[in-house]
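The sequence and the structure come first.

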Amino acid sequence: MRFFDRARELADLKEIRERSESVAQFTVVTGRRRVGKTSLVVKSLEGEEYVYLFVERKSEKDLCETFVREINEKLGEVVFGTPERIEDVFLALMKIASTRHLNVVIDEFQEFRKVNPSIFSSIQKTWDMHKDSARINLIVTGSVNTLMVRLFRNKRAALYGRETAFMVVEPFATSVLKEILSAYHPRYKAEDLLALWTFTGGVAKYVELLVDSRCWTRDAMIKEMIRANSLFLDEGRAMLVEEFDREYGVYFSVLCAIARGRTTRNEIEQTVGRQVGGYLARLEEDYALIRKRHPIFAKVAAKTARYELNDNFLVFWFRFMYRYSYILELKGYEQLREIVRRDYPVLSGHALEQYFKHQLAESGQWTRIGGWWDRKGENELDILAENELTGTYAVCEVKRQGSKIDLNVVADKFAAFRKATGKWLKAKPRFLALSMSDM
């Protein structure tokens with residue numbers, strides 16, 4: 001798949017590179033695994049000379065040999081001897097940058113902690129000593145987001161405050177998914193777009209794998225994702241086990257419960273069989289994998305809170321790959337595909353609501369977007385959108401099939417919302433029936 005989107009990020013990285021020709025720049029690029037960080041950085045350096053260093057889990061001495069080989073091949077014989085410490089290799093790079101402009105990319109930067117945790121302090125000291133005389137464009141990337149945040153945003157961390165830019169790479173926007181499908185499958189249908197969004201959430205690598213395999217339809221995507229040797233089968237575990245370390249089992253159970261539609265704390269605890277308050281807090285605040293949703297205009301402490309995963313692919317993976325791992329152990333790929341097809345209307349229905357929330361946010365036309373439900377669960381509005389500057393309001397009901405939406409019922413729910421919240425009493429909102437035909 002060819003390169004799509006990222007115009008803003010590329011412009012920012014270009015500006016940083018130009019600035020580094022006179023002042024040292026230290027850029028952190030992070031984001032979830034497979035989102036396209038490395039591709040973005042490499043794209044930004046097209047036509048430029050750069051050194052690319054990938055941090056593998058090997059001894060520090062062996063890693064130094066690999067780094068020196070890469071530096072010498074790209075820049076010529078400039079690192080002499082056989083350094084056995086990353087500190088010495090980084091010092092050599094900073095000294096080179098004092099005589100010429102240098103682009104350096106260190107990929108999977110957080111993995112230094114497995115090589116030698118003291119490397120971070122060594123880099124900090126070397127940077128502080130030589131940055132004023134160096135013309136270097138240093139870019140470090142990391143896919144374990146929590147660790148990258150701790151390394152650079154924790155006041156007690158050695159590298160705190162050293163970065164000159166911190167960039168978080170997000171999944172593709174809904175408009176970009178439409179652009180990709182238009183490029184490779186011009187006659188795509190709304191169901192194709194919804195399936196791509198439901199299964200990938202716009203994560204670049206997953207989109208690329210499906211596009212390169214010419215999987216344009218829902219069934220083709222399901223078949224590609226659930227087959228022998230598919231990358232998708234163990235992706236959730238590979239992505240998160242390291243994040244959670246020894247307690248991954250409890251975290252996985254919590255995430256699986258939420259993915260299955262157990263969205264209140266009480267429902268999650270009943271499913272998991274234990275108190276989960278601390279786990280929910282860490283999943284939201286430390287790992288940014290879930291969010292706590294409140295009805296629009298509700299107080300934060302309200303007991304109507306619901307939890308949901310931030311990542312469409314993880315919803316899919318926990319709901320099917322993890323929950324039915326016993327079927328996969330027996331190579332029951334077709335059985336699991338049938339389960340996915342059976343549950344797909346519910347899964348994609350929720351994903352469709354998220355799609356329209358993202359689409360509304362991406363439009364830039366609204367200052368507040370949310371949903372509303374009462375404590376008894378008798379009345380619920382899928383999307384409420386407000387523009388406080390223009391006095392514009394919208395009340396949206398979302399279903400896969402627009403024919404199943406009765407806007408008179410939505411109006412009655414809106415009346416309940418006004419009575420319960422005391423909000424939008426004078427508003428004249430647009431009532432919108434949003435379905436797959438509106439994607």
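The model is predicted. In the largest pocket, the biggest share of the lining comes from H12, with 5 residues. The volume of this pocket is about 840 Å³. Its lining consists of 40 residues, and the closest to the pocket centre are Arg32, Glu170, Pro171, Ala288 and Asp311. Five elements each supply at least two lining residues: helix H7 (145-153), helix H12 (235-244), strand S7 (306-309), helix H16 (312-322) and helix H18 (333-363). By residue class, the lining of the largest pocket has 17 nonpolar, 12 polar and 11 charged residues.

**The parallel sheet**

Five strands form an open sheet with parallel pairing, in the order S2-S3-S4-S1-S5. Strand S2 (51-54) and strand S5 (165-168) are the edge strands, each pairing on one side only. From one strand to the next, the twist averages 15 degrees. The pairing of S2 with strand S3 (residues 102-107) is parallel and extends over 4 bridges. In S3, the residue opposite Val51 is Val104.

Helix H4 (residues 86-96) packs on this sheet and touches S2, S3 and strand S4 (136-142). The direction of H4 makes about 155 degrees with that of S3.

**Helix H4 and its surroundings**

H4 also packs with helix H3 (residues 60-75): their axes come within 9 Å and cross at roughly 20 degrees. The two helices are therefore roughly parallel to each other. On the H3 side, the contact is made by Glu60, Leu63, Cys64, Phe67, Val68, Ile71 and Leu75, which meet Ile86, Glu87, Val89, Leu93 and Ile96 in H4. This contact comprises 10 nonpolar residues, no polar residues and 2 charged residues.

Which residues line the largest cavity? They are Leu53, Phe67, Ile86, Val89, Phe90, Leu93, Ile106, Phe112 and Ile123. H4 gives the most to this lining, with 4 residues. The 9 residues of the cavity lining are nonpolar, with no polar and no charged residues among them. Phe67, Ile86, Val89 and Leu93 line the cavity and also take part in the contact of H3 with H4.

**Helices H13 and H15**

Helix H13 (residues 248-259) packs against helix H15 (residues 277-285), with the axes 10 Å apart and an angle of about 80 degrees between them. H13 and H15 are therefore roughly perpendicular to each other. In H13 the contact residues are Val250, Tyr251, Val254, Leu255 and Ile258, and in H15 they are Tyr279, Leu280, Arg282 and Leu283. The residues of this contact divide into 8 nonpolar, no polar and 1 charged.

| Helix pair | Axis distance | Angle |
|---|---|---|
| H3 and H4 | within 9 Å | roughly 20 degrees |
| H13 and H15 | 10 Å | about 80 degrees |

**The mixed sheet**

A further open sheet has 4 strands in the order S8-S9-S10-S11, and its pairing is mixed. Strand S8 (368-373) and strand S11 (430-434) are at the edges with a single partner strand each, so one side of each has no neighbour in the sheet. The twist of this sheet averages 25 degrees from one strand to the next. S8 and strand S9 (residues 380-387) run antiparallel and are joined by 5 bridges. Trp373 has Glu380 in S9 as its bridge partner.

Two helices contact the strands of this sheet. H18 packs on the sheet and touches S8, S9, strand S10 (392-398) and S11, with its direction at about 5 degrees to that of S9. H18 is also one of the elements that supply at least two residues to the lining of the largest pocket. Helix H19 (residues 407-421) lies across S8, S9, S10 and S11 and runs at about 70 degrees to S9. Angles under 35 degrees count as roughly parallel and those of 65 to 115 degrees as roughly perpendicular.

Terms used:
Residues are numbered from 1 along each chain as its sequence is written. This is a predicted model: local features need pLDDT of at least 70, side-chain atom pairs count only at pLDDT 80 or more; totals for chains, interfaces and linings use all residues. Side-chain values use heavy atoms; hydrogens and water are left out. On a 1 Å grid over the protein atoms alone, a cavity is a set of points where a 1.4 Å probe fits but cannot get out, and a pocket is an open set with protein on both sides within 12 Å along at least five of seven lines; lining residues have an atom within 4 Å of a point. Grid points are joined across faces, edges and corners, and a volume is the space filled by probe spheres set on the points. Ala, Val, Leu, Ile, Met, Phe, Trp, Tyr, Cys and Pro count as nonpolar, Asp, Glu, Lys and Arg as charged, and the others, Gly among them, as polar. Two strands pair if DSSP finds at least two bridges between them. Axes are lines fitted to C-alpha atoms, for helices over the stretch in contact, and angles run from 0 to 180 degrees between N-to-C directions. Contact means heavy atoms within 4.5 Å. Angles under 35 degrees count as roughly parallel, over 145 as roughly antiparallel, 65 to 115 as roughly perpendicular and the rest as oblique.
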